[in-house]
Each structure stands twice: as structure tokens, then as C-alpha cells.
Amino acid sequence: MLDFDLNEFDNTMVVNVCNAVSGIKHATRVMVARKTCGSIICTVSMVNSFARCTGHDYTVSKHGLVGLVRSAYSELRAYGIKVNSVSPFCSCHASYLWSTRYGAYSS
């Protein structure tokens with residue numbers, strides 16, 4: 001907390017939370033108008049389980065997304081809209097795996 005940057009916090013909240021709110025809002029409007037049941041999926045993070053590995057701003061924003069998913073679901077389930085989240089931990093892309101196997105990232 002000693003080096004906590006409030007401007008960086010604001011930017012992270014806009015990217016991770018405000019944009020998700022906007023996406024859910026606009027998707028919901030279309031789904032309700034068309035009487036379409038379906039799902040909205042938000043990507044949160046395993047940071048919700050252990051907060052030691054990232055900055056405070058990122059951790060707070062991902063916890064905020066969990067709250068958003070829960071509150072949006074409680075409202076939207078009446079319309080047949082599910083709101084869920086996925087919490088990826090580590091994703092290794094094929095190009096990364098290939099490069100580590102063949103020495104591109106070796107020291």
C-alpha cells in the first residue's frame with residue numbers, strides 16, 4: 001500500500017469493472033428486448049483465491065467483478081439470463097509451449 005497509485009487504480013477499475021458493467025448492460029438490453037434466454041460470461045481471476053501475487057488495484061477489480069456477476073445474476077435470472085464467471089489461473093499458448101520446448105526462452 002505504500003506505493004499505491006490511485007491513478008493506476010482508477011484505470012484498472014475502468015478496464016476491469018466499468019467495461020464489464022457496460023457490456024452486461026448492453027447485452028442485457030438486447031437479450032430482454034428479444035426475449036432471448038442465454039448466458040453472459042465474465043472473466044475474473046484466481047486472484048480471488050489468493051491475493052498475494054498481484055497488485056492491489058488488480059485484486060480489488062477482480063473481486064469487484066465477482067460481486068458484479070452475483071448481483072447481475074440475481075436480477076437477470078428472472079429473464080432467463082445466466083451470468084457466470086470463469087477464473088483462469090495460468091494459460092499457456094501453443095506458441096509459448098513450442099518456444100520453451102525448443103529453447104527460445106532458455107537462459
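Q: What makes a stretch of chain count as a helix or a strand here?
A: Helices are DSSP runs of H or I with at least four residues, and strands are E runs of at least two. By that rule this predicted model has 3 helices and 2 strands in the protein chain. Read along the sequence, they come in the order α-β-α-β-α.

Q: Why is the pair of Phe-4 and Phe-9 called tilted?
A: The search of the whole structure turns up 1 aromatic pair. The ring centres of Phe-4 and Phe-9 sit 5.6 Å apart, with the planes at 50 degrees. Centres within 6.5 Å make a pair, and stacked needs under 30 degrees while edge-to-face needs over 60, so this pair is tilted.

Q: How do you know that Phe-4 is partly exposed?
A: Its relative accessible area is 27%. Buried would take under 20% and exposed over 50%, so Phe-4 falls in between.

Q: Which residues touch the most other members of the largest nonpolar core?
A: That core has 14 residues, and the ones in question are Ile-24, Ile-40, Leu-76, Ile-81 and Val-83. Helix 1 (6–33), strand 1 (38–43), helix 2 (56–76) and strand 2 (81–86) each supply at least two core residues. Helix 2 gives the largest share, with 6.

Q: What makes Thr-28 and Tyr-73 contacts of Ile-81?
A: A contact takes heavy atoms within 4.5 Å, so both qualify. Setting aside neighbours within four places in sequence, Ile-81 also contacts Met-31, Val-32, Thr-36, Gly-38, Ile-40 and Leu-76.

Methods
Residues numbered from 1 in each chain as written. Predicted model: local features only at pLDDT ≥ 70, side-chain atom pairs only at ≥ 80, totals over all residues. Heavy atoms only, no water. Phe/Tyr/Trp six-rings, centres within 6.5 Å; stacked < 30°, edge-to-face > 60°. Buried < 20%, exposed > 50% of the residue type's maximum accessible area, 1.4 Å probe, protein only. Core = buried A, V, L, I, M, F, W, Y, C linked by side-chain atoms within 4.5 Å.
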